[in-house]
Amino acid sequence: MSRKLILAAALATVTAPAFAQEADGPGPNLVIEIAGQANGTVVIDLLPDVAPKHVEQIVALAKEGAYDNVVFHRVIDGFMAQTGDVQFGKAGGDMSMAGRGGSSKPDIPAEFTDTLSFQRGVVGMARAQDPNSANSQFFITFGDASFLDGQYTIFGKVISGMEVVDAIKRGEGQNGEVSAPADVMVRVTVQD
């Protein structure tokens with residue numbers, strides 16, 4: 001089952017307000033050390049009051065070390081950088097299946113919100129066509145992607161290191177597949 005985002009709407013250019021409403025207080029933070037074309041640290045404020053099941057799974061995977069050495073396998077300039085395939089996306093492995101895997105954990109039911117919008121630095125869960133098929137993969141938006149609102153779960157936002165995200169190696173073609181060597185999440189930790 002493919003975990004790649006549906007790209008039909010990726011070419012649309014729609015304007016929408018930024019985060020219409022912030023989550024109550026800061027959640028735990030996901031700290032990602034990135035190496036490759038981009039080098040540095042990205043900090044994501046997780047939003048457990050918006051997407052509690054997604055945050056719980058992301059935190060569990062990070063604490064297990066599952067995200068360490070996972071590549072950014074799909075990066076589309078002006079749209080988003082996708083990573084998190086803990087099954088097929090490990091650096092140094094066969095990348096031909098990257099983007100099609102998940103984790104040993106069950107898929108997560110959708111937790112859509114109508115109070116937040118996909119804008120620059122917003123982090124959402126990748127999924128297959130079934131809205132309840134998110135598992136471990138996620139993406140960070142480079143700019144307005146409000147056409148994804150109500151279709152993908154928002155679970156965080158970049159609060160530090162967006163310049164590192166901007167420097168991530170771009171993929172090729174309409175699907176944004178990244179050729180080796182891809183940028184990698186060397187280490188992913190959680191700050192409570």
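By contact I mean heavy atoms within 4.5 Å. This is a predicted model, in which local features need pLDDT of at least 70 and side-chain atom pairs count only at pLDDT 80 or more, while totals for chains, interfaces and linings use all residues. Residues are numbered from 1 along each chain as its sequence is written, and side-chain values use heavy atoms, with hydrogens and water left out.

I begin with Tyr67. Where does Tyr67 lie? Its place is the loop between α1 (52-64) and β3 (70-71). Helices (H or I, at least four residues) and strands (E, at least two) are DSSP runs, numbered from the N terminus. Leaving aside residues up to four places away in sequence, Tyr67 touches Ile58, Leu61, Ala62, Gly84, Val86, Ser136, Phe138, Met185 and Val188.

Is Tyr67 buried or exposed? Tyr67 counts as buried because its relative accessibility is 0%. Buried here means under 20% relative accessible area, exposed means over 50%, and partly exposed lies in between, with a 1.4 Å probe and protein chains only. From C-alpha to C-alpha, Tyr67 and Ile32 are 9.1 Å apart in space, although 35 residues separate them in sequence.

I turn now to the charged pairs. How many salt bridges does the structure hold? There are five, a salt bridge being a side-chain nitrogen of Lys or Arg within 4 Å of a carboxyl oxygen of Asp or Glu. I shall describe some of them.

In one, the side chains of Glu33 and Arg187 meet at 3.7 Å, N to O. This pair links distant parts of the chain, 154 residues apart: Glu33 belongs to strand β1 (residues 29-35) and Arg187 to strand β9 (residues 184-191). Glu33 is partly exposed because its relative accessible area is 31%, and Arg187 counts as partly exposed at 44%.

Another salt bridge joins Lys63 to Asp192, with the closest N and O atoms 3.8 Å apart. Here helix α1, which holds Lys63, is linked to the segment after β9, which holds Asp192, across 129 residues. Both Lys63 and Asp192 are exposed.

Finally, Asp166 forms a salt bridge with Arg120, and their closest N and O atoms are 2.6 Å apart. Asp166 is in helix α2 (residues 162-166), whereas Arg120 is in the loop between β5 (80-83) and β6 (122-125), 46 residues away. With a relative accessible area of 29%, Asp166 is partly exposed; Arg120, at 44%, is partly exposed also.
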